Amino acid sequence: MLSLRHKSSERGSSGLFALEGWRELGHCLSAGLTVEALFFCPEALPEGHSVDSLPLPQGVRLFQVSPAVYERIAYRGGTEGVVALVRQVRLSLSDLRLRPSPLVVVLERVEKPGNLGAVLRSADASGADAVIVCDPLGDLYNPNVVRSSLGSVFTVPCVVCRSQECIAFLRERGLAILTAQLQDSQLYYGTDMRRPVAIVLGSEAGGLSPLWREAADAHVRIPMLGSLDSLNVSVSAAILLYEAVRQRRGGVSL
């Protein structure tokens, strides 16, 4: 349990990850992921909640633990008394089922798990078809990704791949590639997002690689009116996603 929490290599080799929180567990079960074991502490469960009420499939191993043991295995406080061992889902690009006019988010080499989780949360809220993580510096099932996504890591189809593979996929499916960058760009609200689009964002430290800048059909930027020249990547993703929602719902002024 502790090695899954701390070591990406252990999560990768075992195909498992540790999941905490009642709400996150609910999203996980609704999405059909395989829960292999559940550790629960009755004293830490939310008032009125019981493990017996969970829609657990047959075969899940249940372990009741003391508050002292729970405090040791839980990643953070306030996780509502449940920690599960869950089998990872690893999707490929060919597994994605896109709408006729899809909206996809692409992240290149995003470093911070919290940012990835927040982007997944915005993708879920805005109804995006998928999040594609290119050349990652971490893994999808880092505890901070799961926590900051509030379980949307289970509700939004998410694929990890190389940038070259992603570009080929987007072109094959006819999605316009819109890269968020300051250089040689136009304001985001002057860009047509009603068509099939992939919004591509890079790391806060290095931005996007030349590969993506050259592959882009359009470069877009968010106006910066203060002293700083960039926003947090998850904030940028939310702004651009909801501009696509606005345009697609009829609020277009291009």
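Colleague: What share of the 254 residues in the protein chain do the buried residues make up?

Modeller: Buried residues make up 47% of the 254 residues in the protein chain, where buried means under 20% relative accessible area, exposed means over 50%, and partly exposed lies in between, with a 1.4 Å probe and protein chains only. This is a predicted model, in which local features need pLDDT of at least 70 and side-chain atom pairs count only at pLDDT 80 or more, whereas totals for chains, interfaces and linings use all residues. Residues are numbered from 1 along each chain as its sequence is written, and side-chain values use heavy atoms, with hydrogens and water left out.

Colleague: What percentage of the contacts with a separation of 6 or more do residues 24 or more positions apart account for?

Modeller: They account for 80% of those contacts in the protein chain, with contact meaning heavy atoms within 4.5 Å. An example is Phe-40 in strand β2 (residues 35-40), which, leaving aside neighbours within four places in sequence, is in contact with Val-51, Leu-62, Phe-63, Gln-64, Val-65, Gly-81 and Val-82. Phe-40 and Glu-80 are 40 residues apart in sequence, yet their C-alpha atoms are 8.9 Å apart in space.

Colleague: Why does Phe-40 count as buried?

Modeller: Its relative accessibility is 13%, which is under the cut-off for that word, and Phe-40 therefore counts as buried.

Colleague: Why are helices α5 and α10 called roughly parallel to each other?

Modeller: Two packed helices are described by the angle between their axes and the distance between the axes. Helix α5 (residues 113-125) and helix α10 (residues 233-248) pack at an angle of about 15 degrees, with their axes 8 Å apart; the axes are lines fitted to C-alpha atoms over the stretch in contact, and angles run from 0 to 180 degrees between N-to-C directions. Angles under 35 degrees count as roughly parallel, over 145 as roughly antiparallel, 65 to 115 as roughly perpendicular and the rest as oblique, and α5 and α10 are therefore roughly parallel.

Colleague: Which residues of α5 and α10 make the contact, and how do they divide into nonpolar, polar and charged?

Modeller: From α5 come Asn-115, Ala-118, Val-119, Ser-122, Ala-123 and Ala-125, and from α10 come Val-233, Ser-234, Ala-237, Ala-238, Leu-241 and Tyr-242. They divide into nine nonpolar, three polar and no charged, where Ala, Val, Leu, Ile, Met, Phe, Trp, Tyr, Cys and Pro count as nonpolar, Asp, Glu, Lys and Arg as charged, and the others, Gly among them, as polar.

Colleague: Why is Ser-236 called buried, and which residues is Ser-236 in contact with?

Modeller: Ser-236, found in helix α10, has a relative accessible area of 10% and is therefore buried. Leaving aside neighbours within four places in sequence, Ser-236 is in contact with Leu-201, Ile-222 and Leu-231.

Colleague: Why does Pro-113 count as partly exposed?

Modeller: Pro-113, found in helix α5, has 25% relative accessibility, a value between the two cut-offs, and so counts as partly exposed. Beyond four places in sequence, Pro-113 touches Asn-142, Asn-144, Val-145 and Ser-148, and the C-alpha atoms of Pro-113 and Asn-142, 29 residues apart in sequence, are 6.9 Å apart.

Colleague: What is the phi of Asp-135, and where does Asp-135 lie?

Modeller: Phi of Asp-135 is near 50 degrees, a positive value in a residue other than glycine, and Asp-135 lies in the loop between β6 (130-134) and α6 (143-149). At 23% relative accessibility, Asp-135 counts as partly exposed.

Colleague: Which residues does Leu-150 touch?

Modeller: Leu-150, in the loop between α6 and α7 (152-155), touches Arg-23, Glu-24, His-27 and Arg-121, not counting residues up to four places away in sequence. His-27 is also in contact with Thr-155, and the C-alpha atoms of Thr-155 and His-27, 128 residues apart along the chain, are separated by 7.2 Å.

Note on methods. Helix = DSSP H or I, 4+ residues; strand = E, 2+ residues; numbered from the N terminus.
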